[in-house]
Amino acid sequence: MNQREFEKGIHTDLKQEESYGGYLRLDLVLSAQQPRSPQHDEMLFIIQHQTSELWMKLMLHELDAAVKFIQADNLEGSFKIFARVGHIQRMLFEQWSVLETMTPSEYLTFRGALGRSSGFQSYQYRAIEFVLGNKDANTLKPHLHDPPLYASLDARLRQPSVYDEFLRWLARHGHPVPKERVERDWTQPYERHPAVMQVFQRIYENTAEHWDAYEMAEKLVDVEERFLLWRFRHMKTVQRIIGFKPGTGGSSGVSFLKKALDVTFFPELWDVRTELQPPAAK
């Protein structure tokens, strides 16, 4: 018989036991898809964004843990976390390919059901940006209608980013990071500093002596590069589906998304590559 044997030991009476669906609360997860129109493709649109939010929840969970490791002077503890973050980012990137199977005409059949809702209003995305250092108090405005959520994001706005914490780690370990870079107004975006650039130049030119710092720097570059690729894929997906129409949330659409590609989280980690010199001949 072309059938796998159903083993006798498999549990089937789960009335008093935890079940797979119960543990995962699938009753909540699978009932959360509530299309506002009768159009077939709205289900794809909803699931695409809901699953993205789940991956972002995990990404934020991991980044918060990485920050705690850095604060505890344990860079190595954060390295595995950043490896996991990289895989999460890959999943987020690849999801756009599913949404791109929807044609412009198909999207237009239910776009009106979105009202003014927009991905720009994703509070988890905003929290991730704050952790990575893209600070802008104006981005809190879409959340004024939800005071507890607003307060949570405002608290994140006022905390050091992962890059700020790395610079503080460097200062604690004897690297001459200027005081104004490790004690500043955390609500403001980070601005590049020539002295920090020199710190990273010494690290990159002597990796054997500063291996943990060098490894951490490269982990952060990986995170930012993947984040930019994700943003770029988002922008091209939007362009593919709606062209240059304004966004549902009131933005200019593609041109607004394109501007985000110019924002740099960890400027000196990119600038240092231009300044590096080949090792002196012995």
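**Note on selected local features of the predicted model**

1. R25 has a relative accessibility of 41% and therefore counts as partly exposed, a class that lies between buried (under 20% relative accessible area) and exposed (over 50%), computed with a 1.4 Å probe on protein chains only. R25 is placed in the loop between α1 (20–23) and α2 (26–29). Its phi is near 50°, a positive value in a residue other than glycine. Most residues other than glycine have a negative phi.

2. On the basis of the note: this is a predicted model, in which local features need pLDDT of at least 70 and side-chain atom pairs count only at pLDDT 80 or more, while totals for chains, interfaces and linings use all residues. Residues are numbered from 1 along each chain as its sequence is written, and side-chain values use heavy atoms, with hydrogens and water left out. Helices are DSSP runs (H or I, at least four residues), numbered from the N terminus.

3. D73 also has a positive phi, near 60°, and is a residue other than glycine. D73 sits in the loop between α3 and α4 (75–99). With 39% relative accessibility, D73 counts as partly exposed.

4. Helix α3 (residues 42–71) and helix α6 (residues 123–132) have axes that come within 9 Å and cross at roughly 25°. The axes are lines fitted to C-alpha atoms over the stretch in contact, and angles run from 0 to 180 degrees between N-to-C directions. The two helices are therefore roughly parallel to each other, the term for angles under 35 degrees. The crossing of α3 past α6 is left-handed, that is, the near helix is turned anticlockwise from the far one by less than a right angle.

5. In this pair, contact (heavy atoms within 4.5 Å) is made from α3 by E53, M56, K57, M59, L60, L63, D64 and V67, and from α6 by Q124, Y125, A127, I128, V131 and L132. By class, 10 of these residues are nonpolar, one is polar and three are charged. Nonpolar covers Ala, Val, Leu, Ile, Met, Phe, Trp, Tyr, Cys and Pro; charged covers Asp, Glu, Lys and Arg; the others, Gly among them, are polar.

6. M197 belongs to helix α10 (residues 194–205) and, at 12% relative accessibility, counts as buried. Leaving aside residues up to four places away in sequence, M197 touches E268, D271, V272 and E275.

7. The buried residues of α10 include V196, F200 and Y204. As a group, the buried residues of α10 pack against α8 (162–172), α9 (179–182), α11 (211–242) and α13 (267–275).

Definitions and conventions: Angles under 35 degrees count as roughly parallel, over 145 as roughly antiparallel, 65 to 115 as roughly perpendicular and the rest as oblique.
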